[in-house]
Amino acid sequence: SANLASALADLQDKIKVVEPNISDVQQVLEDGNSLTEISEKHRVRRRTLLQYSSLLELLELPSLMDACVRSNLYEEALSIASFANTLKRRHTDKNIVVLRVIDQIRSRQSDLRCHLIHRLKQNITMPQCLEVLTALRRLNSIDLEGEKNIEELHDGMELKLQVDFLEARDTWLESSPRTNNTALGPGEQLLDTIERYRTRVFEIGTQFNAIFGASMTKQSVSSSNSLLSMWITRRIHLFLTMITSSVNRMEDSAILRDALEACVFFASSMARLGGDFKSMLSDIFESKMVSLVTNCWKEGVSTLQETLKVCRDAGVVGPLISSSIAPQASGISPEQPPRQLLSHPPLARMVNSYLSGFNELRRCLLPNIFVILRNELKDSLKNVKAILETNQRTVNAPALRGEASQLREAAESMMIVFDNIVEPYITGALEVALGNFKAGKELLLKQMDKVEEESEEEEEKENEEEEGKESEEEEGKESEEEEKGKESEEDDKSQEIDDNEQQKDNEVEVDKTADDNAISQSVTDSEDHNAIESS
């Protein structure tokens, strides 16, 4: 009973809540809504129900267009976008459902545009580019339906399309290839980068001219040409920046020559698009070539300076002079280094460093660096001479320890060899390396003549010294013979004196024996006389 009472109370409360709504319905019915109007609305709803499949297709148009975009069905997607304009023209009564469908199709149109531009950022061929650009132009024409000032809007949208095309192709140009080229050396990687850059830039330029150059007015052609020229100028500037950073890391003139040839070929290809930049390559490669050559020279000069300092501080002359020198062969080519340099190993090593720099020129010879190299060589030789003069002044100091006299002789000899042999030989060798064979060989022949004269003078001095030694030996022999003659005469004289004395002694002995015999004879005679007398 208690539950029933509570249920009745809840029912009364709900009835009280529903009573105002019932009164509103009664009021509406009383206002004149007849059965005819209700039946008309029912008829409309039944008609809508009969068009259910068509309405469902209309509501599915945005999702269908999205599926076409993902499947690269550009024609179907563009047909749906064009149908949206038809719906907009037919339903001018501002149907909310249709307007929402049209808005969703417009959002899918932006997705289609982004998808088409993304296709341009990939490696696509010319026919594929034409397909994508045709779809974008149709999309622009769909957007222009029902607009005023169509010509101005079309020019603006065409210019925007050109900018989008170049920006998208820029992204593809700057993308790295999928192939792994880590196994290649730095030089081969650079050449591969230049070739890839050349082919892609030229391909983009030709695609731009083929797509946008055929269907343009005079005004649009001038604007597109200026746009393409600005793009080419920017790409060339970026390419030169990349080449400059790569060239500065090079240490091989052969790789430098290959890179220069690839860049020149790239510039000649860009000349067909109005972007020849050969004149801009000279500063990059010439400065690096001068740096490669002068670095070899500086290394040799620093090694010479360090060797002189070490020997001077240690007081030893052994590393500065060599006594085993092969004689200069007759008929030797003037381009070969003089054999006299072997007497001074530090100078020989320095000359080898200069020749290494000249060999770099043989691989990559640029005409505009001739004057620069001549001036650099003069400064370098002046520096070497200053180093040798400083070394000579230092070794002539009285406080020098160790083999001081030999160090002074070596310093003086190195100065003479540098002035008479090294400097003219290196100057002539540079001219030969630069292709000035006539002047270079004249300098080298003069240097060889001077070397031969010096060698002849040295031989004459050696011959004179040998002759002096021989004359001294002969005089010594003559003096020895004279002394021996004098000694033999003295011996003869002493022998004669001894013989005379011996003869005198023999005569005295003979006289003594004769006297003794006479005395004995007289004694015998007296004894006989006495005997006779006694008888």
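## Second largest cavity

L308, C311, R312, L320, N391, V395, L407, A410 and A411 form the lining of the second largest cavity. Its volume is about 40 Å³. At least two lining residues come from each of α12 (282-314), α14 (370-395) and α15. The count of cavities of 30 Å³ or more comes to 3.

A cavity is a set of points, on a 1 Å grid over the protein atoms alone, where a 1.4 Å probe fits but cannot get out, and lining residues have an atom within 4 Å of a point. Grid points are joined across faces, edges and corners, and the volume is the space filled by probe spheres set on the points.

## Basis of the model

The model is predicted: local features need pLDDT of at least 70 and side-chain atom pairs count only at pLDDT 80 or more, while totals for chains, interfaces and linings use all residues. Residues are numbered from 1 along each chain as its sequence is written, and side-chain values use heavy atoms, with hydrogens and water left out.

## Overall description

The protein chain contains 16 helices and 0 strands. Helices (H or I, at least four residues) and strands (E, at least two) are DSSP runs, numbered from the N terminus. Of the 535 residues in the chain, 31% are buried. Buried denotes under 20% relative accessible area, exposed over 50%, and partly exposed the range in between (1.4 Å probe, protein chains only).

The accessible surface of the protein chain is about 33900 Å², and carbon and sulfur atoms hold 52% of this area. Accessible areas come from the Shrake-Rupley method with a 1.4 Å probe; for residues, only the protein chains shown count as cover. Among contacts with a separation of 6 or more, 75% join residues 24 or more positions apart; a contact means heavy atoms within 4.5 Å.

## Nonpolar core and cysteines

The largest nonpolar core has 113 residues, of which F285, Y354 and I426 touch the most other members. Helix α15 (residues 404-433) gives the most to this core, with 14 residues. Such a core is a set of buried Ala, Val, Leu, Ile, Met, Phe, Trp, Tyr and Cys residues joined through side-chain atoms within 4.5 Å. Leaving aside residues up to four places away in sequence, F285 touches I243, V247, L256, A259, L260, C263 and L366.

C263 has a relative accessible area of 0% and is therefore buried. C296 also counts as buried, at 18% relative accessibility. The model has 0 disulfides, a disulfide being a pair of cysteine sulfur atoms within 2.5 Å.

## Individual positions

S253 lies in helix α11 (residues 253-270) and is buried, with a relative accessible area of 0%. The C-alpha atoms of S253 and V293 are 9.2 Å apart, although 40 residues separate them along the chain. Apart from residues up to four places away in sequence, S253 touches M289, L292, E360, R363 and C364.

I236 belongs to helix α10 (residues 218-247) and is buried at a relative accessible area of 10%. I236 and M270 are 34 residues apart in sequence, with a C-alpha to C-alpha distance of 9.4 Å. Not counting residues up to four places away in sequence, I236 touches G275 and F277.

N72 is found in the loop between α4 (61-70) and α5 (74-90). This residue has a positive phi of about 60° although it is not a glycine. With a relative accessible area of 37%, N72 is partly exposed.

How values were computed:
1 Å grid on protein atoms, 1.4 Å probe; cavity = no way out; pocket = protein on both sides within 12 Å on 5 of 7 lines; lining within 4 Å.
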